[in-house]
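Here are some notes to read with the structure open beside you.

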Amino acid sequence: MSSIITLAHGSGGKLTHNLIKNIFQKHLKNELLLEAGDSAVFGVDKGNLAFTTDSYVISPVFFRGGNIGKLAVCGTVNDLAVCGATPKYLSCGFIIEEGLKISDLEKIVEAMAKTAIESGVSIVTGDTKVVQKGCADKLFINTSGIGYIPSGVKYTTAGIKQGDKVIITGTMGDHGTAILLDREKIDVESSIVSDCATLNKMLNDVTKKFGSAIRIMRDPTRGGVATTLNELVSDNRFSIKLYEESLPIKNEVKGICEILGFDPLYMANEGKALIIVDSSKVDSVLIELREHNVGKEAEVIGEVIKSPVGKVYINTIVGGTRIIDMLVGDQLPRIC
Amino acid sequence: MNNIQHMFKDKYLVDNLVKKIQAYEGKVVNIMEVCGTHTMSISRFGIRSILPKTIRLISGPGCPVCVTPSYYVKSAIELAQMKDTIITTFGDMMRIPYKGNSLLHEKALGRDIRIVYSPLDNIQIAQDNPDKKVIFLSVGFETTTPIIALSVIEAVEKRIDNYMLLTANKTMPQVMNLLSSDKEISIDGYIYPGHVSVIIGTELYDKIADKYSITGAIAGFEPVDILGAIYNIISNVNHKSMKVNNTYSRVVSSEGNMIAKAKIEEVFEHCDAIWRGIGCVSKSGLRLKDKYVKLDAWKAFRISENEQDYDPKGCRCGDILKGKCLPYECSLYGKLCTPENPVGSCMVSSEGTCSAYYKYI
């Protein structure tokens with residue numbers, strides 16, 4: 001077998017079939033995938049289905065704490081879990097730049113398989129395309145996912161009330177900071193790694209135990225906590241106020257962001273959830289979250305306030321208040 | 001480092017300083033922060049929102065990208081459009097608009113334009129691309145210029161002949177004198193730039209105090225630093241003292257960084273410079289010395305530096321940079337000029353005054 005992916009691997013012929021058999025089916029093995037139909041066919045439980053899709057173009061494809069494959073499974077599983085769904089089935093589409101080492105592809109698929117098993121999901125269908133050099137940055141992955149939502153569970157912003165509390169399930173900005181160090185080859189010694197992790201087991205427990213006391217959940221990925229909270233207030237029925245002193249941020253993340261001029265509130269997270277919860281249940285929810293490894297650093301970081309305009313504010317450590325706006329584009333490093 | 005960060009964010013110290021500042025009952029005091037990073041820190045910590053109305057913070061022209069004239073952006077775009085060039089730049093320059101265009105727009109069209117975190121990154125880029133001309137958009141004050149000088153020295157030592165600078169570096173002393181002598185602005189005290197002071201030392205500020213009777217405090221960027229500087233200034237004004245307090249003495253010495261100053265001196269010489277919105281300020285710019293003329297992109301590409309500066313109609317960046325008006329006093333602010341659709345550079349740059357004000361209530 002060739003050591004690198006060539007255009008021939010995407011032609012649909014023998015090389016494609018060997019690739020599917022020796023890499024994808026070997027590691028992602030489950031009954032539905034091995035049927036190798038044009039579609040995966042399965043029965044559905046009663047109630048509602050949740051359906052989500054995401055594409056992953058991260059560079060570098062291998063980063064401290066994970067790789068693009070692990071990230072893809074975590075991202076899609078988490079998107080389902082924050083809607084109250086139990087994730088069940090994923091699809092994965094690969095767009096591979098010719099020249100990618102097959103051994104690298106195998107490591108990525110192995111990581112996907114491991115993450116899928118850990119979170120109890122199956123990758124049941126997929127697709128592979130190969131493009132010319134320069135037309136993709138090593139590898140792009142799309143994953144779509146289906147999950148089952150128990151009856152009575154529906155998380156929308158309409159359920160949010162004044163006085164509700166805002167929880168984050170752990171420290172902010174780890175993933176964004178780790179990627180920054182790797183991608184820009186910043187010469188700083190650091191133990192920071194991506195927080196890339198599946199949250200479904202923790203969030204499914206929260207959904208089951210706390211019913212309508214959970215108003216809504218979201219995973220603050222690209223654009224960080226600030227962007228996700230701005231999305232929640234965008235229908236202008238309420239605002240959210242955060243407390244700067246309560247934000248759980250690792251010292252290393254603070255230090256690296258200070259040097260480079262970035263704000264951890266806007267740095268991506270790939271293993272955290274924001275949960276808006278009825279204030280009367282907030283302590284119990286925190287106890288439940290902290291029972292799980294991925295939630296042991298959960299904290300209340302703010303509350304929902306009545307306001308005619310949808311804004312996110314922060315009470316600063318100085319005692320002042322400022323707006324946390326949505327960024328126009330990416331954060332840019334400081335000059336001086 | 002994190003212990004120092006914690007110390008200068010200490011709640012007890014912060015609360016005490018806030019109480020003392022809020023107890024101020026004297027006359028109106030106008031304090032100008034000159035440094036763009038101070039503008040952003042003041043905004044980020046919500047410091048304006050805790051000040052009594054008698055203490056007014058005015059933002060000055062300390063944002064290197066904001067004061068870069070528009071013809072510079074035009075020249076950078078033209079260089080990016082040429083064959084076989086790689087434009088390298090600090091991130092903030094990417095979105096500065098010029099007549100509907102920007103470097104970000106040109107990058108989307110396929111021009112080779114790269115953001116660098118350090119000017120020294122240019123050396124590797126030049127070595128990796130020997131057939132291209134790597135042109136660095138050299139903007140910044142005394143904080144940034146020493147590292148830019150190092151990149152020039154290293155390029156010459158390594159015989160790298162495809163690295164150039166398009167210089168728009170500026171120095172603070174001349175514009176500080178201009179602002180201090182402007183009766184319209186009426187500054188009582190300055191929050192002096194922390195990182196510039198690391199390089200240049202403190203002598204300039206004592207001279208300003210003597211000549212213009214304006215007090216000041218050199219400050220770092222943590223809440224205790226900035227609140228401490230404000231408290232020092234209002235106390236000095238109250239006691240009619242023109243003292244300049246160095247509240248950032250953990251990194252700022254009176255003589256500054258002699259090695260950094262020597263590197264600037266080796267590579268650059270003073271020249272007149274256009275400050276956007278202010279005009280020509282004599283001897284406030286830096287250009288490459290004749291010894292390094294081969295790295296001078298202005299000369300290599302024969303670009304004129306003396307073109308009429310273009311300011312969009314209604315844009316008051318100039319007045320804002322001089323502290324003569326506040327962002328919301330500009331008719332375009334928040335309406336035609338927003339972070340998504342910036343008209344002037346004060347809204348684009350992460351250290352720009354209008355961009356900072358957009359984060360307020």
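Which residue of S4(B) is the bridge partner of B:Ile87? It is B:Ile113. Please keep in mind throughout that this is a predicted model.

1. **Strand S3 of chain B.** Let me stay with B:Ile87 for a moment, as this residue has a bridge partner in S5(B) too, namely B:Ile135. S3(B) is joined to S4(B) by 3 bridges, and the two strands run parallel. S3(B) also pairs with S5(B), again in the parallel sense, over 4 bridges. As for cover, 5 of the 5 residues of S3(B) are buried. B:Thr85, B:Ile87 and B:Thr89 point one way from the strand, while B:Ile86 and B:Thr88 point the other way, and all are buried.

2. Zooming out, you will find an open sheet of 4 strands in chain B, ordered S4-S3-S5-S6, with parallel pairing. Its edge strands are S4 (113-115) and S6 (163-167), each of which pairs on one side only. On average, neighbouring strands of this sheet are turned by 25 degrees against each other, direction ignored.

3. **Helices on the chain B sheet.** Two helices deserve a look here. Helix H6 (residues 121-128) of chain B lies across S3 (85-89), S4, S5 and S6 of that chain, and runs at about 160 degrees to S5(B). H7(B) packs on the sheet as well, touching S5 and S6 of chain B, and its direction makes about 150 degrees with that of S6(B).

4. **H7 against H12 in chain B.** How do these two helices cross, and at roughly what angle? The axes of H7 (residues 145-157) and H12 (residues 258-267) of chain B come within 8 Å and cross at roughly 55 degrees. The two helices are therefore oblique to each other, and H7(B) passes H12(B) in a left-handed crossing. On the H7(B) side, the contact is made by B:Thr145, B:Pro146, B:Ala149, B:Leu150, B:Val152 and B:Ile153. H12(B) contributes B:Ala260, B:Lys263, B:Ile264, B:Glu266 and B:Val267. Sorted by class, this contact has 8 nonpolar, 1 polar and 2 charged residues.

5. **The mixed sheet of chain A.** Over in chain A there is an open sheet of 7 strands, in the order S8-S10-S7-S11-S9-S12-S13, with mixed pairing. The edge strands are S8 and S13 (321-323) of chain A, and each pairs on one side only. Neighbouring strands here are turned by 25 degrees against each other on average, direction ignored. Helix H9 (residues 282-290) of chain A packs on this sheet, where it touches S7 (165-168), S8, S10 and S11 (299-306) of chain A. The direction of H9 makes about 10 degrees with that of S7(A).

6. Is S8(A) largely enclosed or largely open? Of the 5 residues of strand S8 (residues 214-218) of chain A, 4 are buried, so the strand is largely enclosed by the rest of the structure. S8(A) pairs with S10 (residues 274-277) of chain A in the antiparallel sense, over 4 bridges.

7. **H5 against H8 in chain A.** The axes of H5 (residues 174-183) and H8 (residues 251-260) of chain A come within 10 Å and cross at roughly 55 degrees. That angle makes H5(A) oblique to H8(A), and the crossing is left-handed. A:Asp174, A:Thr177, A:Leu180 and A:Leu181 of H5(A) meet A:Val253, A:Ile256, A:Cys257 and A:Leu260 of H8(A). By class, the contact has 6 nonpolar, 1 polar and 1 charged residues.

8. **A buried isoleucine.** Finally, have a look at A:Ile68, in helix H3 (residues 68-81) of chain A. A:Ile68 counts as buried because its relative accessibility is 0%. Leaving aside residues up to four places away in sequence, A:Ile68 touches A:Tyr56, A:Val57, A:Ile58, A:Val61, A:Phe63, A:Ile108, A:Leu139 and A:Ile141. A:Ile141 is 73 residues from A:Ile68 in sequence, with 7.7 Å between their C-alpha atoms.

Notes. Residues are numbered from 1 along each chain as its sequence is written. Chains are lettered from A and ligands numbered from 1 in the order in which they are written. This is a predicted model: local features need pLDDT of at least 70, side-chain atom pairs count only at pLDDT 80 or more; totals for chains, interfaces and linings use all residues. Side-chain values use heavy atoms; hydrogens and water are left out. Axes are lines fitted to C-alpha atoms, for helices over the stretch in contact, and angles run from 0 to 180 degrees between N-to-C directions. Angles under 35 degrees count as roughly parallel, over 145 as roughly antiparallel, 65 to 115 as roughly perpendicular and the rest as oblique. A crossing is left-handed if the near helix is turned anticlockwise from the far one by less than a right angle, and right-handed if clockwise. Contact means heavy atoms within 4.5 Å. Ala, Val, Leu, Ile, Met, Phe, Trp, Tyr, Cys and Pro count as nonpolar, Asp, Glu, Lys and Arg as charged, and the others, Gly among them, as polar. Two strands pair if DSSP finds at least two bridges between them. Buried means under 20% relative accessible area, exposed over 50%, partly exposed in between (1.4 Å probe, protein chains only).
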